[in-house]
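Subject: Model for you to look at

Hi,

Here is the structure I promised. Please open it first, then read my notes below.

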Amino acid sequence: MTTASEPYVLNIGPQHPSTHGVFRLRVVMDGERIQDIDMVVGYLHRSMEKLAEERTYTQNIPFTDRTDYLAAMSNNLGYCLAAERLAGIEVPDRASYLRVIFAELQRLASHSMANGTFINDAGAWQTPLMYMFREREKILDLFEMTCGARLTTNYMRIGGVAFDPPAEFFPAVNALIDELPDRIAEYTELLVDNEILLARSRGVGVVSAEDAINGSLVGPVLRASGVPWDLRKAEAYCAYGDFDFEIPVGHVGDCYDRFMVRLEEMRQSVRIIRQALDGLPSGPHKTEIPLALRPAPGEAYARVEGPRGELGFYVVSDGGPAPFRFHIRAPSLINLSLLREMAVGTSLPDAIVTLGSLDIVVGEIDR
Amino acid sequence: MAGRLRRSLPQAVVAETDEWVEVAPDAIVDVVRWLHDDPDLDAAQLSNLCATDRYDHFEVVYHLQSLDQNHQIVVKARVGEHERASLPSVYPVYKGALLQEREVYDLMGVRFEGHPDLRRMFLWEGYPGFPLRKDFLQITGHHPGLPHFPFEEAGRQER
Amino acid sequence: MMRSAWLDPVREPTRRLSPQVLAPLAVLLVAFLALNVAIAVLIVSGRLDGHWYDFRDLGNAVQALREWLDDRTADQPGWLSDLLGDHWLSYIVTALIGAIGILSFVGVVLLVLIWVERRLIGRIQVRRGPNRVGPFGLLQPFADAIKLIQKETLIPRGADRFMFYLPPVLVFIPGLLVWAPVPWAPHMSYLDINVGVLYLIAISSLSTLAIFMAGWSSNNHYALLGAMRTVAMMISYEIPLSIALLSVVLFTGSMQLSEIVQWQADHNMWLGVLMPLALFTFFFSSTAELNRTPNDIAEAESEIVAGFHTEYSGMKFGLFYAVELGNAVAVAAFVGTFFLGGWSLFGLEEWVPPYLVFALKIAAGYFVLVWLRGTLPRFRLDQLMMFAWKYLIPISLLQVILVAFERSIFEHWDVPGVIPLALFTIVNAVFAVRIVRFWARFLGYRPERETLLAPTLTRSVGGLQAAQRMRTVR
């Protein structure tokens, strides 16, 4: 007797626990095996690139919060760097250091969320997520203390940062970075050699270094594939050249390596923050810029190493008060380029784990 | 870089500055492949791909980068007509162009010939117009375009 | 400074009790101790034994009630005896008492355990858990139930309506029936049949049908996938589960649950200690049957939303949820009965009510289940299947063979029972450890060969060439 099966289409999302937002996967499956995968995005499309063309350079900063809502500081930073490069504005040292501190705090918050949701996707019922949220909450409290907002920080300004942190910020952040290595060690102990996590994530969603470079993968996903590429070292924007830190590089390029790279990056971020706090120069925290900035016609592409990788802002000026063209190079979206290669032929749980390890943020995919 | 490119691929380079090279749209795949294969330039990764509407033409910008050499190459291609804007796809060279070219097609309306899966991405098939074009909506005093957002009128009637 | 104190229980301020509260508490404590002393005196003097008011054994009360009722019907007219039998009244009344007991027990336990599970998981996950409705959030399950009952019942348009209505009810029936043969105390069992083990295996597989029905009738791919996974997994894991019970039956020589417990009480030996491999097999297979972590692939919420009950809402979902919890408690009860000595606790059951001992064991088992749920990630379907067929079934079969030999030695060796039992305990423990290692290696598991590589740290950036360089250095 022969049995036959025919493929069927499974719609994962737009509302689904592990798509992390309104993101939809159309999966053609044969039983539990994935034959084809296609992503449907745009549910969160707010047309930010168009909106930005009608607003002044300063007015555009809050938009960048809302793209990658888990890493608002990095987005602010990337956009401000682009605008500064376009207008030729120098940033005071103190502002650069503060930018580094907040961008690294944001990376810690974002990576803890990414690792937590990744293990949640692997099936641990929210416990690691809650553990990691505990630390994330404290970082968000620091943000709130400094700029009054937790997620949509709107903290960086063209020419510096909006506020100097209040006096009580420094003891709090010192206490936090003293505590964080212990916490990260705790996660390592709990998760790194968990046999089930290993069984689920090793050898799943493997991307070779060649494919990762060719497929424009960036950030922890690229580094997990074995490519030592980090814009903080390569471009040394802000004050990153002053600090001593290392780039974690994975071995195989599977989901487990991505998880481990993120975990190690959290450690390195703590290192950077500690150095930045020690060496924080005094002085003004921003340069005064004209309210209606009118850069000379030209274009600038500035990129930062966001938590999800190379976060680029391409800004074109025609001499007016608003950008002529404003484009965000969204790492979440472009990291999905190889999703089909990673997922086809595997089973549904593997695809979910792979998606979780890519750490997408739908606000950034759709913009 | 532009000089070497001019020697290797004559007719390809249209204009150049310190920051970028503008190449002929038909030659974009050859140029990109040459940049990708050249051991000194080694443009291994397509970092960013986007398009700008310059009213009379589109400017498609490729930010290529070499990870080993740690430098960036900006290549531009000018696409002429608004109605039939099209350009060869660089997907055969860079797999990372898959979604970026789809995005440019969706929002700017530049067709990429040879792209394996060129569909609208954020908007749905049949959406009228391409929103990032400057003439998509009319802004009083700035430029002409559609008087209101597509489907705005239809939505009002339904209600 | 703004602090998220509510996220961190460590920072929770400790509440101190005021003297006005402490004084009555002290009085109550003294009264409680005095009561205990009085009870101890009663027990030691033997004045409690076997009477209907012997609180240590509710079975005595039911027994007394049955005898009293039999006295009432002793002079019933002959035609009634012909029609209904001699003891019809006592049969009906005691059956009703048992049924009401099970129903109310399961109901109350479910309501309490929803709260317990949520509080425990909250504690595991460094958060508070429900604490708003009632004292310590104790009324939360009632609030949930009221909410679920009030909700509109949604039925998908493409669903098979009749088949869609049936499964929540069908799944509840075995959920209640499994409780029937559980011995709570020496005479306290609703249905002490001599094929209790077979009854359990038969009843527990009934719910597969209901689950498959639910998945099929929902007309939803998630539900169907969940149902298929459930069926595949339940069928696979029923085999190691039954084999584990086979060792128990072999060694105790009985399929009657009360006899199995009695054997453990008589020999002062828990079967879980005697055959740890069977305990593990039974427990792991049960988590698979229950769809609980790490085997909750049938309702893996990160993959297939809620599995077979994706489309169910309102009290239909509530019933599925309640049955799932109830089955978890039932599994804890069976682990307690078969492997942890049931109501016996090395003679202590003479002093405290046996059903309390048993309840304690259930609570312990349930705690382990909740603990697992709060801790572990989930396996993949093919990994679980492989684990059942290639791992659990062979090693539990070997275990059965070993137990069979031990049983015949136990029967024919003419020494006090302690000696062979102690010997078998050691042999079985060694066997369990060795076979687990050996079989894993036999199947190709070599943890020492694949070292866990932490990411390499580097200070220089680069692309493909740097990646290849790093690869060769390693």
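I started at the boundary of chain C and chain A. There, 13 residue pairs are in polar contact, both residues at pLDDT 80 or more. (A polar contact is a pair of N or O atoms within 3.5 Å; within protein, one must be able to donate a hydrogen and the other to accept it, and residues adjacent in sequence count only if both atoms are side-chain atoms.)

Some ground rules. This is a predicted model: local features need pLDDT of at least 70, side-chain atom pairs count only at pLDDT 80 or more, and totals for chains, interfaces and linings use all residues. Residues are numbered from 1 along each chain as its sequence is written, chains are lettered from A and ligands numbered from 1 in the order in which they are written, and side-chain values use heavy atoms, with hydrogens and water left out.

**Chain C with chain A**

Contact here means heavy atoms within 4.5 Å. By that rule, 55 residues of chain C touch 70 residues of chain A. The two chains bury about 5,200 Å² between them, and 59% of that is on carbon and sulfur atoms. (Buried area is the accessible area, with a 1.4 Å probe, that two parts lose on being put together, summed over both.)

Four salt bridges cross this interface. (A salt bridge is a side-chain nitrogen of Lys or Arg within 4 Å of a carboxyl oxygen of Asp or Glu.) Arg459(C) and Asp244(A) form one, at 2.1 Å from N to O.

Several elements of chain C give two or more residues to the side that touches chain A, including helix H4 (88-124), strand S1 (456-458) and helix H18 (464-473). (Helices, H or I with at least four residues, and strands, E with at least two, are DSSP runs numbered from the N terminus.) H18(C) gives the largest share, six residues. By class, this side of chain C has 26 nonpolar, 15 polar and 14 charged residues. (Ala, Val, Leu, Ile, Met, Phe, Trp, Tyr, Cys and Pro count as nonpolar; Asp, Glu, Lys and Arg as charged; the others, Gly among them, as polar.)

Strands meet here too. S1(C) runs antiparallel to strand S6 (residues 247-249) of chain A, joined by three bridges. (Two strands pair if DSSP finds at least two bridges between them.) Leu457(C) is the bridge partner of Pro248(A).

**Chain A with chain B**

Here 42 residues of chain A contact 47 residues of chain B. The buried area is about 3,400 Å², 50% of it on carbon and sulfur atoms. Lys50(A), Asn214(A) and Phe324(A) supply 18% of the area that chain A buries against chain B, more than any other three residues.

The salt bridge count is five. Lys95(B) forms a salt bridge with Asp211(A), with the closest N and O atoms 3.9 Å apart. Helix H8 (residues 209-214) of chain A gives the most to the side of chain A that touches chain B, with four residues.

**The sheet in chain B**

Five strands form an open, mixed sheet in the order S1-S2-S5-S4-S3. Strand S1 (13-16) and strand S3 (45-53) of chain B stand at the edges with a single partner strand each, so one side of each has no neighbour in the sheet.

Strand S2 (residues 20-23) and strand S5 (residues 71-79) of chain B run parallel, joined by four bridges. Trp20(B) stands opposite Val74(B) in S5(B).

Best wishes
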